[in-house]
Amino acid sequence: MKTHARLLVAAACLAASAAYADDFHGFDPAKFDGNMLSAEALQAMAADASKVTPPKNGSKYSIGFANLQRDIAFGVLVEKGIQANADAAGVELVVADNRLDGPTALANAKSFAERKVDYVIEFQTDANFGQTVMDVFKQDGTKVTAIDIPMPGASFFGVNNPKSGFMGGSYLATAAAKQFGADTVKSGYLVIGALPQSGVIPRMRTEGQRAGFLALTKDFPADHIIEIDTKNTLQESYTQMNNVLGRIPPGAPILIIAINDQATMGMLQAVRAAGRVDQAIAVGNGADEAEALATDPKLVAATGSFPGSYGNYLIPIALSALAGKAVPEATFVTHQMVTKANICKFYKEFACAGEADGYTFPEAEFASYLSGLKKENWLKGYEAILPKQ
């Protein structure tokens, strides 16, 4: 994203930084637990909002949701949660598919504008199109919330990228040391599945993964860290992982972590196809590929983002904004590690297996990392959406 766009993000965040005065029919994003509000509360929010910002069609609200990609697990869960909340609130949800593509996201934005939707929830991956997409909505003053990838002038909702990354990386370090032994881990190779096309925010996650791993794996060789471009797809992750396997000596531990579960699975599939899965261990991000997490012995954990609960935040945020309430510049998901030992707590269709691993998030190491991160030049213009702690 260009420099002026970064500055616009920061300016928009700072402008929206007014404290939430009080809860709105039970919704205070600073204290919200992520559980879906009652239909009565959601409908009351919509009714109150209509008095402040009347629906453009004269009858009921129409909210546009441009999904990242409708046929991937994460996108399916996000859409299902948003639809459930929209239905409960009595508002129409107009859904579009951005197909992981900037030009498609722009075309969808223009379609929303033509349909005169009252609010937009954007989930699009190409940071270079953020300003262009927002320019469409600025023409008629339509407010926007951006999921996971910030857009200038939009409120932000999504992953606490530095923390979720650090959590996953530190978990991988702990699990790898148990599987291979601490000394043997240092002869291994850490392969990080990144997403450079989406700019600074996903980089916060993958840099957090790197930092979390290194915080608990002292003296790990820098030249044993390989970063690949996953393009946010399982297939590309498979291809790129396959391309780098030749750089990893036979018998060396292969330590896998990535931007999301789909990328992690693609990378793990490549290792399995190469006949080297016995040397591998992987940690995902998202915990949306629950079946793989429950059944694949090499996918030992994932940092849970709980995409099925996104709608529990996003529809109340939209209705709050339409009601003239001050919406926080950034609202973050609360993350937990999901493992085979606790998966039944999050996905009732899967049984828990094994004993708790005793992992504890390294708070002191993360605080030190976050303090240094705030001084990084590559984060200039994004300081306002860094977590406070």
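The legends below describe close-up views of one predicted model.

Local features in this model are reported where pLDDT is at least 70, and side-chain atom pairs count only at pLDDT 80 or more, whereas totals for chains, interfaces and linings use all residues. Residues are numbered from 1 along each chain as its sequence is written, and side-chain values use heavy atoms, with hydrogens and water left out.

**View 1**
Helix H3 covers residues 73–89; helices here are DSSP runs of H or I with at least four residues, strands are runs of E with at least two, and both are numbered from the N terminus. The 17 residues of H3 reach 25 Å from the first C-alpha to the last, close to the 24 Å expected at 1.5 Å a residue, where the expected span is 1.5 Å times one less than the number of residues. Among the buried residues of H3 are Phe 74, Val 78, Ile 82, Asn 85 and Ala 86, buried meaning under 20% relative accessible area, exposed over 50%, and partly exposed in between, with a 1.4 Å probe and protein chains only. Just after H3, Gly 90 takes a positive phi of about 80°.

Leaving aside neighbours within four places in sequence, Ile 315 is in contact with Leu 42, Ile 63, Ile 82, Asn 85, Ala 86, Ala 89 and Ile 121, contact meaning heavy atoms within 4.5 Å.

A cavity is a set of points, on a 1 Å grid over the protein atoms alone, where a 1.4 Å probe fits but cannot get out, and lining residues have an atom within 4 Å of a point; points are joined across faces, edges and corners, and a volume is the space filled by probe spheres set on them. Of the 21 residues that line the largest cavity, the closest to its centre are Phe 123, Asp 148, Arg 205, Asn 232 and Asn 260. Helix H8 (200–216) and strand S9 (280–286) each give two or more residues to this lining, the largest share, 3 residues, coming from H8.

**View 1. Ala 211 in helix H8.**
Of the 17 residues of H8, 13 are buried. Ala 211 is found in this helix and is itself buried, with a relative accessible area of 18%. Not counting residues up to four places away in sequence, Ala 211 touches Phe 166 and Tyr 369; the C-alpha atoms of Ala 211 and Tyr 369 are separated by 7.4 Å, although these residues are 158 residues apart along the chain.

His 25, in the loop between helix H1 (3–15) and H2, has a positive phi of about 50° although it is not a glycine, and is partly exposed, with a relative accessible area of 33%. Arg 99, in the loop between strand S2 (92–97) and helix H4 (102–115), has a positive phi near 55° and is partly exposed, with a relative accessible area of 42%.

Notes:
1 Å grid on protein atoms, 1.4 Å probe; cavity = no way out; pocket = protein on both sides within 12 Å on 5 of 7 lines; lining within 4 Å.
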